[in-house]
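Let's take a walk through this model together.

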Amino acid sequence: MNINFSKSGDGLVPVIIQNTKNLHVLMLGYMNKEALQKTIDEKKVTFFSRSKNRLWTKGETSGNFLWVDEISHDCDNDAILIKANPEGPTCHTGSNSCFKEDSSKGFLYELENVIEQRITDKSEGSYTSKLFQRGVNKVAQKVGEEAVELVIEAKDNNVDLFKNEAADLLYHFLILLKTKDLKLEDIEEVLRGRH
């Protein structure tokens, strides 16, 4: 990674932190060469704090670390994008994002992780885990049932019932993907390829 730290004059480049799971922008910070190297080595985001005038690992006092998933840079090599998995809220106010970005967009990825966790842990009393353990035929049957219920609700005028059936279908579809050892991202790639 060949970042141009000299372009700004102070040896710092802006760093955008984005949530790996839902792509929400979490925060903006600044890095110098040492902060970037420490981030790469430890897989935890470390900035250069302009107010403290030193390296500062996000979460060093709160425990709300940002675990690095992917690091890239812009076309001019003078800005960095880090996709990270936040451990707790990112903002000092307790919000998930310093930009108050808390929307439903991208939530399917969070739900996909919850489903995977319940299946992996074989959570006792978990509907998700029980359905998964019944096998692909039962999960596929449930997806079919939910699809039929959605079609029936589409013919009526009750938008709330329609939205709930659509949510049920998506939820069960995510479980079906897990039975096939696939992720939502795999399906997005197919759709992008068709575009």
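This is a predicted model: local features need pLDDT of at least 70, side-chain atom pairs count only at pLDDT 80 or more; totals for chains, interfaces and linings use all residues.

Strands of a sheet pair through backbone hydrogen bonds, either parallel or antiparallel. Here, four strands make an open sheet with mixed pairing, in the order S2-S1-S6-S5. Strand S2 (25-31) and S5 sit at the edges, each pairing on one side only. From one strand to the next, the twist averages 25°.

Look at S5 and S6 next: they pair in the antiparallel sense, over seven bridges.

## A serine tucked away

Now go to strand S3 (residues 46-49), where you'll find Ser49. Ser49 counts as buried because its relative accessible area is 8%, and the cut-off for buried is under 20%. Setting aside neighbours within four places in sequence, Ser49 is in contact with Arg54 and Trp56.

## The largest pocket

The largest pocket holds about 500 Å³ of space. It is lined by 18 residues, and the closest to its centre are Thr20, Lys21, Leu23, Tyr109 and Glu185. Strand S5 (66-73), strand S6 (80-86), helix H2 (107-121) and helix H6 (184-194) each give two or more residues to the lining.

What is the lining made of, by class? There are 11 charged residues, five polar and two nonpolar.

Key:
Residues are numbered from 1 along each chain as its sequence is written. Side-chain values use heavy atoms; hydrogens and water are left out. On a 1 Å grid over the protein atoms alone, a cavity is a set of points where a 1.4 Å probe fits but cannot get out, and a pocket is an open set with protein on both sides within 12 Å along at least five of seven lines; lining residues have an atom within 4 Å of a point. Grid points are joined across faces, edges and corners, and a volume is the space filled by probe spheres set on the points. Ala, Val, Leu, Ile, Met, Phe, Trp, Tyr, Cys and Pro count as nonpolar, Asp, Glu, Lys and Arg as charged, and the others, Gly among them, as polar. Buried means under 20% relative accessible area, exposed over 50%, partly exposed in between (1.4 Å probe, protein chains only). Contact means heavy atoms within 4.5 Å. Two strands pair if DSSP finds at least two bridges between them. Axes are lines fitted to C-alpha atoms, for helices over the stretch in contact, and angles run from 0 to 180 degrees between N-to-C directions.
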